[in-house]
Amino acid sequence: MSGDRPLRCVPTMGALHAGHGSLIQRAGRQGPGEARPLVLTSVFVNPLQFGPNEDFARYPRCLDADLKLAQESGADALFAPSVEEIYPQGESQLTRVQPPKSLQAGLCGRHRPGHFDGVATVVVRLLSLIRPQVLLLGEKDWQQLVILKRVVRDLGLPVQVWGCPTLREADGLAMSSRNRYLSSDERRQAAVLPQALRRAATRCLQEPGLPLAAVQAEVHQALEGAGMVVDYVEAVKPLCLQAQSRLDGLTLLAVAAHCGPSRLIDHVFLMSRAPIVAIDGPAGAGKSTVTRAFAERLGLIYLDTGAMYRAVTWLVQDRGVDPSKAEQVAPLLANLDLQLSSTSNGQRVRVNGVDVTEAIRSPEVTAQVSVVAAHGCVREALTQQQQAMGARGGLVAEGRDIGTAVFPGAELKVFLTATVTERARRRALDLEQRGFEVPERADLEAQIAERDHLDSTRAVAPLTQAEDAIELITDGMAIEAVIQRLVDLFRERVPHDAWPDPS
């Protein structure tokens with residue numbers, strides 16, 4: 001396996017099912033401009049991750065069936081090494097990998113000591129043998145996914161780790177090789193687990209102030225009532241796995257319970273609202289173009305706050321008001337009817353019933369928007385309107401103070417920027433395409449630099465990068481590459497199981 005085709009690996013312990021099949025299929029997908037990837041599936045029942053009284057000896061081993069499913073799902077090869085091939089010097093002579101104790105202190109790590117040391121050790125060994133560019137893991141084993149991402153990062157391993165959504169049976173039970181241990185009666189018992197988690201997620205959306213202890217107790221009671229033996233019902237922060245006592249942003253509610261001979265694990269992500277992405281950055285950085293496409297890719301609402309400030313600036317100019325006089329601008333906001341709507345041709349903007357979509361992009365509006373936006377009355381009025389739009393979440397908002405002033409609690413904040421030279425080039429192209437006169441490039445650069453200065457030094461909500469925002473400099477990046485980077489950043493913070501990709 002060589003050449004220009006990327007190699008992607010799906011590691012498993014065998015007993016493959018449709019959930020594994022979905023990982024293999026995802027591994028085989030081609031991105032724009034990519035060569036078709038090679039997909040390798042590994043099957044290895046790792047003795048290091050089983051405790052003394054666990055099911056290593058009876059764990060299902062069915063290599064012929066695994067080979068058939070892997071092939072049908074699109075794998076190019078299946079690697080099924082022996083214990084001697086993976087650990088040639090034996091377990092006693094093995095160099096082991098130990099992930100941070102903080103990531104193992106709770107959830108399964110507390111109940112299965114040494115388990116994640118064994119997982120990390122075998123995965124690092126497999127990566128050294130296979131050397132893939134991408135490793136695909138299911139989000140069902142969330143703690144494992146978080147730990148392996150950390151191991152890869154800390155060791156500087158040259159591989160991307162992709163988390164993929166959990167697949168479920170018709171009754172809601174998360175797919176697992178251990179489900180085959182269950183009798184029909186036990187299967188009916190086990191179905192209570194996903195039902196209890198769904199109810200918990202619904203309650204948190206309906207009752208945002210509900211204490212997490214009450215949610216955990218309700219799930220615990222439901223499982224015990226169904227006859228299961230509960231190991232834990234824990235609420236933690238998804239990325240650091242530290243205990244969470246109240247619903248503050250995205251929260252992982254994770255469960256492990258014994259049903260007959262099977263130990264089942266599952267989780268749900270609790271939210272008081274749908275996720276918000278805040279994209280800040282200076283003028284001309286390409287925020288509107290990529291944000292609109294990014295929002296569409298993830299099924300989120302696009303909120304162009306820059307268009308709102310431009311619309312107010314257009315109104316100020318239309319009414320012949322001095323844009324530098326706040327006392328003249330303020331009365332225009334009292335009965336302002338500003339509407340944003342999405343159409344097949346993009347976003348439309350109306351001010352008091354007038355379609356100003358094209359007019360707000362004129363050089364005249366561009367020249368004055370920073371002056372108008374600097375007035376406290378304008379920012380207060382539009383910030384309130386934007387926050388009202390975002391109360392239910394599920395949107396991507398872009399502007400110049402979105403992550404700092406409007407949505408400081410956004411799940412993802414990105415500071416999208418480019419050099420002044422690059423932004424001037426893009427502005428010239430945009431003006432030309434819209435039929436406006438194009439100034440000299442040096443004049444454009446001076447205008448953009450001056451606008452940056454005005455935006456960053458204004459008294460009210462100045463343009464600054466939020467402390468927890470990620471800077472993304474887009475010079476030399478194609479639009480699709482910027483969009484994909486935003487998608488990747490989103491998925492690092494909001495898993496598929498919390499916000500599925502639109503089908």
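Is Gly-260 buried or exposed? With a relative accessibility of 52%, Gly-260 counts as exposed, where exposed means over 50% relative accessible area, buried under 20% and partly exposed in between (1.4 Å probe, protein chains only). Welcome to a short tour of this chain, which is a predicted model: local features need pLDDT of at least 70, side-chain atom pairs count only at pLDDT 80 or more, and totals for chains, interfaces and linings use all residues. Residues are numbered from 1 along each chain as its sequence is written, and side-chain values use heavy atoms, with hydrogens and water left out.

**The chain as a whole**

- The chain holds 19 helices and 16 strands; helices (H or I, at least four residues) and strands (E, at least two) are DSSP runs, numbered from the N terminus.
- Along its principal axes, the C-alpha trace spans about 80 × 55 × 40 Å.
- Of the 503 residues in the chain, 51% are buried.
- Among contacts (heavy atoms within 4.5 Å) with a separation of 6 or more, 73% are between residues 24 or more positions apart.

**Helix pair α9 and α10**

- Helix α9 (residues 192-206) and helix α10 (residues 212-225) have axes that come within 9 Å and cross at roughly 160°. Axes here are lines fitted to C-alpha atoms, for helices over the stretch in contact, and angles run from 0 to 180 degrees between N-to-C directions.
- That angle makes α9 roughly antiparallel to α10; angles over 145 degrees count as roughly antiparallel, under 35 as roughly parallel, 65 to 115 as roughly perpendicular and the rest as oblique.
- The crossing of α9 and α10 is right-handed: a crossing has this hand if the near helix is turned clockwise from the far one by less than a right angle, and is left-handed if anticlockwise.
- On the α9 side, the residues in contact are Val-192, Leu-193, Ala-196, Leu-197, Arg-199, Ala-200, Arg-203 and Cys-204, and they meet Val-215, Glu-218, Val-219, Ala-222 and Leu-223 in α10.
- This contact of α9 with α10 has 10 nonpolar, no polar and three charged residues. For these classes, Ala, Val, Leu, Ile, Met, Phe, Trp, Tyr, Cys and Pro count as nonpolar, Asp, Glu, Lys and Arg as charged, and the others, Gly among them, as polar.

**Helix pair α14 and α18**

- Helix α14 (residues 363-373) packs with helix α18 (residues 441-457) at an angle of about 20°, and their axes are 9 Å apart.
- The two helices, α14 and α18, are therefore roughly parallel to each other, and their crossing is left-handed.
- Thr-366, Val-369 and Ser-370 in α14 meet Arg-451, Leu-454 and Asp-455 in α18; the residues of this contact divide into two nonpolar, two polar and two charged.

**Aromatic pairs**

- Five aromatic pairs are found in the structure. Rings of Phe, Tyr and Trp (its six-membered ring) pair if their centres lie within 6.5 Å; planes under 30 degrees apart count as stacked, over 60 as edge-to-face and the rest as tilted.
- One of them joins Phe-44 and Tyr-87 edge-to-face, at 6.1 Å centre to centre with 75° between the planes.
- Phe-44 sits in the loop between β2 (38-43) and α2 (63-73), and Tyr-87 in the loop between α3 (83-86) and α4 (101-104), so the pair ties together parts that are 43 residues apart in sequence.
- Phe-44 is buried at 6% relative accessibility, and Tyr-87 is buried at 4%.
- Phe-50 and Tyr-59 also form an edge-to-face pair, at 6.0 Å centre to centre with 75° between the planes.
- Phe-50 counts as buried at 11% relative accessibility, as does Tyr-59 at 7%.
- Ring pairs link Phe-50, Phe-56 and Tyr-59 into a cluster.

**Individual residues**

- Gly-260 lies in the loop between β7 (251-259) and β8 (262-270). Its C-alpha atom is 35 Å from that of Ala-77, which is 183 residues away along the chain.
- Ile-301, in strand β10 (residues 301-304), is exposed at 54% relative accessibility. Leaving aside neighbours within four places in sequence, Ile-301 is in contact with Ala-295, Gly-394, Leu-395 and Val-396.
- Leu-107 has a positive phi near 55°, in a residue other than glycine. Leu-107 is placed in the loop between α4 and α5 (108-111) and is buried at 3% relative accessibility.
- Asn-352 likewise has a positive phi, near 50°. Asn-352 belongs to the loop between β12 (346-351) and β13 (354-355) and counts as partly exposed at 34% relative accessibility.
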